[in-house]
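Visitor: Hi! Could you walk me through this structure? I'm new to it.

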Amino acid sequence: MRTLSKLAAAAAASTIVVAGAAGAGAQETDSLSGALGSVGPTGSAVGLPSIPGDIAPAPNRLVASGASATGTCYSWITADINQQSPGTVRVDWKVHQLGVGTCDLVATLSYHNLDTGYSGEHVLEQNLPGNWPSHGDSKRNVSITTPGNVEWRLETNGGAQAGPIEVVTEG
């Protein structure tokens, strides 16, 4: 309950109602989009109107949301998984964090090729509150998954989880 109180205070300062947000690991964003959509089209709340589109369900997308490990932030983390070349994918991260102080967010996107057994992971760290519409660099965001059916999972050090989803990587 203390965490919710801190989050509610941070959200009120940003004119956002966090109480309507989905729980940790939720892929559903209907109630969240409604709450965040009330910010308005002007972008006066520092880019917050882009959040509903960034975290809406989409093919090849994982969305994890929940409190940070420090309990002072609430985060929405999105990983879009798109084929870049044969047997290779690119991950496009988006991070939105509301809160105060340090968030100490660590998000891990893991993959496992169900056909070949090949596996790996991407790790993203974001310490400060804010809106990060495109995160990471091209070298860290490319994975050689090998061709096949690849299972993806997203989790954070705050307990948020999303997935699994399967994405076919062409050869």
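Visitor: Thanks! What kind of model is this, to begin with?

Guide: This is a predicted model. The average pLDDT of the protein is 75, and 67% of the residues score at least 70.

Visitor: OK. How many helices and strands are there?

Guide: There are three helices and nine strands. In sequence order the pattern reads α-α-α-β-β-β-β-β-β-β-β-β.

Visitor: And how much of the protein is buried?

Guide: Of its 171 residues, 43% count as buried. The accessible surface is about 8100 Å², and carbon and sulfur atoms make up 54% of that. As for contacts with a separation of 6 or more, 60% are between residues 24 or more positions apart.

Visitor: Let's talk strands. Which ones does β4 pair with over eight bridges and over seven bridges?

Guide: Strand β4, residues 105-113, pairs with β5, residues 119-126, in the antiparallel sense over eight bridges. Ala107 has Leu124 of β5 as its bridge partner. Strand β4 also pairs with β8, again antiparallel, over seven bridges. There, the bridge partner of Leu109 is Leu154 in β8.

Visitor: What about β8 and β9? How many bridges join them?

Guide: Seven bridges join β8 to β9, and these strands run antiparallel. One example is Val150, whose bridge partner in β9 is Val167.

Visitor: What do the hairpin turns look like?

Guide: The hairpin of β4 and β5 has five residues between the strands, and Gly117 takes a positive phi near 85 degrees in that hairpin. The hairpin of β8 and β9 has four residues between its strands, with Gly159 at a positive phi near 105 degrees.

Visitor: Which residues other than glycine have a positive phi?

Guide: Asp104 is one of them, with phi near 50 degrees. Asp104 sits in the loop between β3 and β4. Thr146 is another example, with phi near 65 degrees, and Thr146 lies in the loop between β7 and β8.

Visitor: Why does Asp104 count as partly exposed?

Guide: Because its relative accessibility is 37%, which falls between the 20% limit for buried and the 50% limit for exposed.

Visitor: Switching topic: what is in the largest nonpolar core?

Guide: That core has 21 residues. Those with the most contacts inside it are Leu62, Ile77, Ile81, Trp93, Leu109, Trp152 and Leu154. The elements giving two or more residues to this core are β1, β2, β3, β4, β8 and β9.

Visitor: Pick one of those. What is Ile81 in contact with?

Guide: Leaving aside neighbours within four places in sequence, Ile81 is in contact with Asn60, Leu62, Val89, Arg90, Trp152, Ile165 and Val167. There is also a second, separate core of six residues, and Ile51, Ile55, Tyr74 and Trp76 are among them.

Visitor: Trp152 keeps coming up. How many aromatic pairs does a search of the whole structure find?

Guide: The search finds two aromatic pairs. One of them is formed by Tyr111 and Trp152, with 5.0 Å centre to centre and 40 degrees between the planes, and the pair is tilted. This pair links distant parts of the chain: Tyr111 is in strand β4 and Trp152 in strand β8, 41 residues apart.

Visitor: Are those two residues buried or exposed?

Guide: Tyr111 is buried, at a relative accessible area of 9%. Trp152 counts as buried too, because its relative accessibility is 0%.

Visitor: Last one: where is the cis peptide bond?

Guide: The cis peptide bond joins Gly163 and Pro164, with omega at about 10 degrees. Pro164 is found in strand β9, which is the strand joined to β8 by seven bridges.

Methods
Residues numbered from 1 in each chain as written. Predicted model: local features only at pLDDT ≥ 70, side-chain atom pairs only at ≥ 80, totals over all residues. Heavy atoms only, no water. Pairing = 2+ DSSP bridges. Core = buried A, V, L, I, M, F, W, Y, C linked by side-chain atoms within 4.5 Å. Buried < 20%, exposed > 50% of the residue type's maximum accessible area, 1.4 Å probe, protein only. Contact = heavy atoms within 4.5 Å. Phe/Tyr/Trp six-rings, centres within 6.5 Å; stacked < 30°, edge-to-face > 60°. pLDDT = per-residue confidence, 0-100. Areas by Shrake-Rupley, 256 points an atom, 1.4 Å probe, with all protein chains shown as cover.
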